[in-house]
Amino acid sequence: MGYLGHTRRDGPRSRTAALALLSFAMLIVSLDQYIVVVALPDIGRELHYSARTLQAVISAYAVASSGFLLFGGRAADLLGRRRMLMTGLTLYAVASLAGGFATGPGSQLTARALQGLGGALVFPSTLAIINTTFAEGRDRNRALGIWGGSGAAGLVIGVLLGGILTRVLGWEAVFFVNVPLAGAALLLAVPLLQPDPSRDSGRVFDLPGALTATGAVTLLVFTLVQGPALGWTSPWIIGTAITGLLLLVAFAVTERRSPDPLVPPKLLANRVLGLALVIAFLFMATFGSLLYFLSIYFQDVRGYDPLQTGIGFLLPTAVVVAGSTLAGQAVTRFGLKRTLIAALAIGAAGAVTLGLAMSADGSFAALVPGLVAVSVGDGVVFTMMFIAAATGVADRDQGVASGMVSTSSGIGAVVGLAALVLVANARTDDLSGEDLRIATAEGIRTAVFVIAAGIALTLLVALNLRDQEVAEDNDAVGDLCDTTTC
């Protein structure tokens, strides 16, 4: 039974230890998406970034990660999930070391892109191993709740840890901290995770499909990120957009002709997975972008230093972890659709409340009700979109399904942040001093209201889920596993 058969014969302690390691690896990858946010002002000053290029420290990671997630997921299915996990962790540690020693924007952005590539191998590998280790239903929901709690917490803990490290040790520490973390996970992977089974000789790696898909996503995401900075009529932007679209067409043609396509047709017919992809995109465009604006609000409007900013994220961190960890149990008890709609409703109300409390002279206490509500939605939805994405998917395709939903969330993060930055900065040009501070507060407030509208849109998408449909997909994959090798 492939990878699944190896792990399910192990005792509960072995599975628990493996889950702990996989959750730790997920924490590392998620943490690094935003650990640099609080350190951005210091990085910009010391490495001489311009105001327009500083955001590239975040987007370089996101572009590379988004482009290679589908590749990483399929590679995990065909080349070995533990093998891809360890490869990604190694690349992550090396790239982090290079990022800390960077002396200019060029070398640092290259290191961030390599970190993104490492994350693109780690992320779908951890998810695929969990989905093939724990049976669909209560056991998998619980495991994904713990894994999701680590991932959701990592996004927020990254801001907290980044503030502490920047204040105490300098901005370089936000890169160097990944080296011992990734190194520890790498050392534990061999004794705690089962060896990869021998490769199925009947399956081939769709290299043309992988290359065209990776190139298309990378170039299109780059276009969306850099379009506002370089100008939409820039030769670079026009060139990357056209090339990306051509590669997308080439990918579609390649997939039709491939005997073992990168994205199996049956996955495209999985309606629950399709809705999960849309929800993942909207989640990262909204909830994921909120962390960035909160950090800017704390520092540029409220005048917090990096450590104070990190402390400001303690409360939402605790709520996100609790919400994400309990999400699996909630799905088991109340069903996917009802739990997801409730979480999105709470999140949308929290975003509106948060926006109303934001002003140039507002207090942190006024933000607390909104922070708590939006963090509940953040934690629960983060876990649930991955539960939905794994529903009705055979074990042999869990890696690519994980890569698909991860790619969608990565693109959502890039597109959402790029669009919302334009909204937030619309009235800040040529301002300085107190006028700039007030305009920044108003711009961030407007962006948070747009985020609330985006969460409400996500809720409308979630209304299309049908619990009966989810149950039918569960039965279908169960039948498949009874008659074929999962």
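This report describes the fold, the nonpolar cores and selected helices and residues of a predicted model.

## Basis of the description

The model is predicted: local features need pLDDT of at least 70 and side-chain atom pairs count only at pLDDT 80 or more, whereas totals for chains, interfaces and linings use all residues. Residues are numbered from 1 along each chain as its sequence is written, and side-chain values use heavy atoms, with hydrogens and water left out.

## Overall fold

The protein contains 20 helices and zero strands; helices (H or I, at least four residues) and strands (E, at least two) are DSSP runs, numbered from the N terminus. Its radius of gyration is 21 Å, close to the 23 Å that the globule rule gives for 486 residues, so the protein is as compact as a globular protein of that length. That radius is taken over C-alpha atoms, and the globule rule is 2.2 Å times the number of residues to the power 0.38. Along the principal axes, the C-alpha atoms fill a box of roughly 70 × 45 × 40 Å.

Of the 486 residues, 58% count as buried; buried means under 20% relative accessible area, exposed over 50%, and partly exposed in between (1.4 Å probe, protein chains only). Among contacts (heavy atoms within 4.5 Å) between residues at least 6 apart in sequence, 86% join residues at least 24 apart. The protein exposes about 18900 Å², of which carbon and sulfur atoms supply 65%. This area comes from the Shrake-Rupley method with a 1.4 Å probe; for residues, only the protein chains shown count as cover.

## Nonpolar cores

A nonpolar core is a set of buried Ala, Val, Leu, Ile, Met, Phe, Trp, Tyr and Cys residues joined through side-chain atoms within 4.5 Å. The largest one has 134 residues, among which Tyr292 and Phe293 touch the most other members. Helix α13 (residues 271-301) supplies the largest share of this core, 20 residues. A second, separate core of six residues includes Ala62, Val221, Val225 and Val414.

Not counting residues up to four places away in sequence, Phe293 touches Leu417, Leu420, Val421, Ala424, Ile444, Ala447 and Ile451.

Helix α15 (residues 314-334) has 21 residues and should span 30 Å at 1.5 Å a residue; its end C-alpha atoms are 29 Å apart, which agrees. The expected span is 1.5 Å times one less than the number of residues. A bend of about 40° occurs at Ala327, given by the angle between axes fitted to the seven residues ending there and the seven starting there. Ala327 is also one of the buried residues of α15, which include Val319, Val320, Gly323 and Val331. These buried residues pack against α7 (138-169), α14 (306-312), α16 (336-357) and α17 (364-390). Gly335, with a positive phi near 95°, follows α15.

Helix α18 (residues 398-424) has 27 residues and reaches 38 Å from its first C-alpha to its last, close to the expected 39 Å. Because 22 of its 27 residues are buried, α18 is largely enclosed by the rest of the structure.

## Individual residues

Ala60 lies in helix α4 and counts as buried at 17% relative accessibility. Ala60 and Arg112 are 52 residues apart in sequence, yet their C-alpha atoms are 5.9 Å apart. Leaving aside neighbours within four places in sequence, Ala60 is in contact with Leu109, Arg112 and Ala113.

His48 lies in the loop between α3 (40-47) and α4 (56-79). Although His48 is not a glycine, its phi is positive, about 65°. At 65% relative accessibility, His48 counts as exposed.
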